[in-house]
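Trainee: Please show me how to read the features of this structure, one at a time.

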Amino acid sequence: MTPKEVIELIIFEQNTNANKLSKKIGISSTNLYDIMSGKIKYISNDLADKIVKVYEQYSKSWLLTGDGDAHVTPAVHVENEKSPTDAIHDDAKSIADIKQIVLTLTAEISAQRETYSKQISDLIGIIDKHLTSNKQ
């Protein structure tokens, strides 16, 4: 993705506009518009840091290069830092505790799936919009 497309995706996903985004991350709107117009050809390390500070879900590497995954994959947290396998082998755990761990993990995975599905749908919309504007 180009820097312009990176910024457009963030604006789209955050349901905001360039002016509000620039204020939220602490830069002048002129700098952001210069990226979007192509006058500035890259996202600086400083700007990437400012974006990640406000929007932790974005990958700094993606912001800088436009390559790879846009989002940082959230870690799955398991009670007491144990994996489900460890919990099964822990004699102190009851079947009810194991069931709760499995239900919690299932819910977290389902939520992540929904988030990723929405992000993919949003991205397809951006691509379609881009393709449509290029045909004109």
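The dialogue below goes through helices, pockets, a surface patch, salt bridges and one backbone angle.

Trainee: What should I know before I start?

Mentor: This is a predicted model, where local features need pLDDT of at least 70 and side-chain atom pairs count only at pLDDT 80 or more, while totals for chains, interfaces and linings use all residues. Residues are numbered from 1 along each chain as its sequence is written, and side-chain values use heavy atoms, with hydrogens and water left out.

Trainee: How many helices and strands are there in the chain?

Mentor: Helices (H or I, at least four residues) and strands (E, at least two) are DSSP runs, numbered from the N terminus. Here the chain has seven helices and zero strands. Read from the N terminus, the order is α-α-α-α-α-α-α.

Trainee: What share of the residues count as buried?

Mentor: Buried means under 20% relative accessible area, exposed means over 50%, and partly exposed is in between, with a 1.4 Å probe and protein chains only. The areas come from the Shrake-Rupley method with a 1.4 Å probe, and for residues only the protein chains shown count as cover. In this chain of 136 residues, 26% count as buried.

Trainee: How is a pocket found?

Mentor: Rolling a probe the size of a water molecule over the atoms shows where empty space is left. On a 1 Å grid over the protein atoms alone, a pocket is an open set of points where a 1.4 Å probe fits, with protein on both sides within 12 Å along at least five of seven lines; lining residues have an atom within 4 Å of a point. Grid points are joined across faces, edges and corners, and a volume is the space filled by probe spheres set on the points.

Trainee: What is the volume of the largest pocket, and which residues are the closest to its centre?

Mentor: The volume of the largest pocket is about 350 Å³. It is lined by 14 residues, of which Glu5, Glu8, Ile126, Lys129 and His130 are the closest to the centre. Helix 1 (3-13) and helix 7 (95-135) each supply at least two lining residues, and the largest share, seven residues, comes from helix 7.

Trainee: How is that lining divided by class?

Mentor: Ala, Val, Leu, Ile, Met, Phe, Trp, Tyr, Cys and Pro count as nonpolar, Asp, Glu, Lys and Arg as charged, and the others, Gly among them, as polar. On that count the lining of the largest pocket has seven nonpolar, three polar and four charged residues.

Trainee: What is in the second largest pocket?

Mentor: The second largest pocket holds about 270 Å³ of space. Its lining has 14 residues, and the closest to its centre are Asp69, Ala70, His71, Gln119 and Leu123. Helix 1 and helix 7 are the elements that give two or more residues to this lining; helix 7 gives the most, with four. By class, this lining has eight nonpolar, four polar and two charged residues.

Trainee: Which residues form the nonpolar patch on the surface?

Mentor: Patches are made of residues with over 30% relative accessible area and no salt bridge; like charges are joined within 9 Å, and nonpolar side chains (Val, Leu, Ile, Met, Phe, Trp, Tyr) within 5 Å. Met1, Leu123, Ile127 and Leu131 form the patch, with about 320 Å² of accessible area together. Of these, Met1 is in the segment before helix 1 and is partly exposed at 35% relative accessible area.

Trainee: How many salt bridges does a search of the whole structure find?

Mentor: A salt bridge is a side-chain nitrogen of Lys or Arg within 4 Å of a carboxyl oxygen of Asp or Glu. The search finds four. One of them joins Glu8 and Lys4, with the closest N and O atoms 3.9 Å apart. Both residues lie in helix 1, four residues apart, about one turn of the helix. Glu8 is partly exposed at 31% relative accessibility, and Lys4 is partly exposed at 38%.

Trainee: Where do Lys60 and Asp49 lie?

Mentor: Lys60 forms a salt bridge with Asp49, the closest N and O atoms being 2.6 Å apart. This pair links distant parts of the chain, with Lys60 in helix 5 (residues 60-65) and Asp49 in helix 4 (residues 45-54), eleven residues apart.

Trainee: Are Lys118 and Asp122 buried or exposed?

Mentor: Lys118 counts as exposed at 52% relative accessibility, whereas Asp122 counts as buried at 14%. Their side chains meet in a salt bridge (2.7 Å, N to O).

Trainee: What is the phi of Asn15?

Mentor: The phi of Asn15 is near 50 degrees, a positive value in a residue other than glycine. Asn15 lies in the loop between helix 1 and helix 2 (18-25) and counts as exposed at 72% relative accessibility.
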